[in-house]
Amino acid sequence: MCIKESYNSWAEQYDSNKNKTRDLDIKSTIETLSRYNFKNVLELGCGTGKNTFWLLNKAERIIGLDFSTEMLKIAKEKVVSDKVEFKQSDLNKDWEIEDQFADLITSSLTLEHIEDLNHIFNQANQKLSENGLFFISELHPFKQYIGSKAKFKTENGVQELKVFIHHISDYVQSAEINGFSLVEIKEWFDEQSKREIPRLISFVFRKL
Ligand SMILES: C[S@@+](CC[C@H](N)C(=O)[O-])C[C@H]1O[C@@H](n2cnc3c(N)ncnc32)[C@H](O)[C@@H]1O
C-alpha cells in the first residue's frame with residue numbers, strides 16, 4: 001500500500017489510537033512554538049489537524065497541506081475557522097503557495113515519509129519570509145535505526161508505512177545548503193526517562 005493510501009486507511013483511528021509518538025509531538029510542538037511569535041503559518045502534512053487546532057491560538061492565518069483525502073476530511077470537520085485553509089497537495093511536488101507567504105512553517109511526523117529533504121528545505125525557503133522559522137518535529141533517527149516507524153492496526157494485522165531514514169546531519173546539512181541556520185535542537189523522551197532512546201527530535205531553523 002502506498003503512503004497516501006495507508007493514511008487514508010489510518011485516518012479514522014488516527015486521533016484515537018494509542019500513539020505515544022503523536023502525543024509527544026503535541027508536547028514538543030506546544031512547548032517549542034509557545035516561545036515564538038508568528039502570524040502566517042504553513043503546516044506540512046497537517047493530517048487530521050491535531051496541531052492546527054493549537055496553532056490557531058496564535059496564528060492569524062494557517063494553510064495546511066496534506067495529500068490524504070481522508071486525513072484532510074477529518075481536519076476540515078474538526079478545525080472550522082475563517083483563518084484556516086486546507087489544501088490537498090503532495091509535498092514532493094512544488095507547493096502551490098504564494099512565495100514568502102509564511103513566517104512559520106511547521107512539519108510534524110511527516111518527513112519520515114519524504115525521501116528528498118532537499119526539496120522540502122528548498123520549497124520552505126521560497127515560501128518563508130525573511131527570518132522566517134521552520135519547525136520540524138520527527139521520530140528520532142535513533143528510533144528509526146532500531147526499526148521504529150509509523151504503523152497502525154488493521155483487521156488483517158499491523159500495517160507499517162513506507163519510511164525513509166534521515167540522520168541528524170541530513171537535516172542540518174540540507175537546511176544549511178538551502179539557506180537556513182539552526183536556532184535550536186531538542187530531543188524528546190518518554191515520560192522524562194532520559195535513560196531510554198529519545199522518541200522525537202525537534203529543530204527550529206531560521207531562514208537567513
Ligand atoms: C503521522 S501523520 C502526521 C499528521 C500531523 N502532522 C500530526 O502531527 O498529527 C503524517 C501526515 O503526512 C502526510 N504526508 C505524508 N507524505 C506526504 C506527502 N508526500 N505529501 C503530503 N502529505 C504527506 C500524511 O498524509 C499524514 O497526514
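Is E85 buried or exposed, or does this residue fall in between? E85 is partly exposed, because its relative accessible area is 32%, where buried means under 20% relative accessible area, exposed over 50% and partly exposed in between, with a 1.4 Å probe and protein chains only.

The model is predicted, so local features need pLDDT of at least 70 and side-chain atom pairs count only at pLDDT 80 or more, while totals for chains, interfaces and linings use all residues. Residues are numbered from 1 along each chain as its sequence is written, and side-chain values use heavy atoms, with hydrogens and water left out.

**Salt bridges**

A search of the whole structure finds nine salt bridges, each being a side-chain nitrogen of Lys or Arg within 4 Å of a carboxyl oxygen of Asp or Glu.

| R35 | E184 | 3.0 Å |

The salt bridge between R35 and E184 links distant parts of the chain, with R35 in the loop between α2 (20-33) and β1 (40-44) and E184 in strand β8 (residues 180-188), 149 residues apart; here helices (H or I, at least four residues) and strands (E, at least two) are DSSP runs, numbered from the N terminus. R35 counts as exposed because its relative accessibility is 52%, whereas E184 counts as buried because its value is 18%. R61 is partly exposed, with a relative accessible area of 35%. In the remaining pair of the table, R199 and D190 are both buried.

**Ligand surroundings**

The ligand is surrounded by 21 residues, the closest being Y14, G45, K50, D66 and L91, where a residue counts if one of its heavy atoms lies within 4 Å. Among the polar contacts (pairs of N or O atoms within 3.5 Å), a side-chain N or O atom of K50 is 2.5 Å from an oxygen atom of the ligand, and a side-chain N or O atom of D90 is 2.9 Å from a ligand nitrogen. N92 places a polar side-chain atom 3.4 Å from a nitrogen atom of the ligand. The protein covers 99% of the 600 Å² of accessible area that the ligand has on its own, as computed by the Shrake-Rupley method with a 1.4 Å probe.

Terms used:
Polar contact = N/O pair within 3.5 Å; in protein donor to acceptor, adjacent residues only side chain to side chain.
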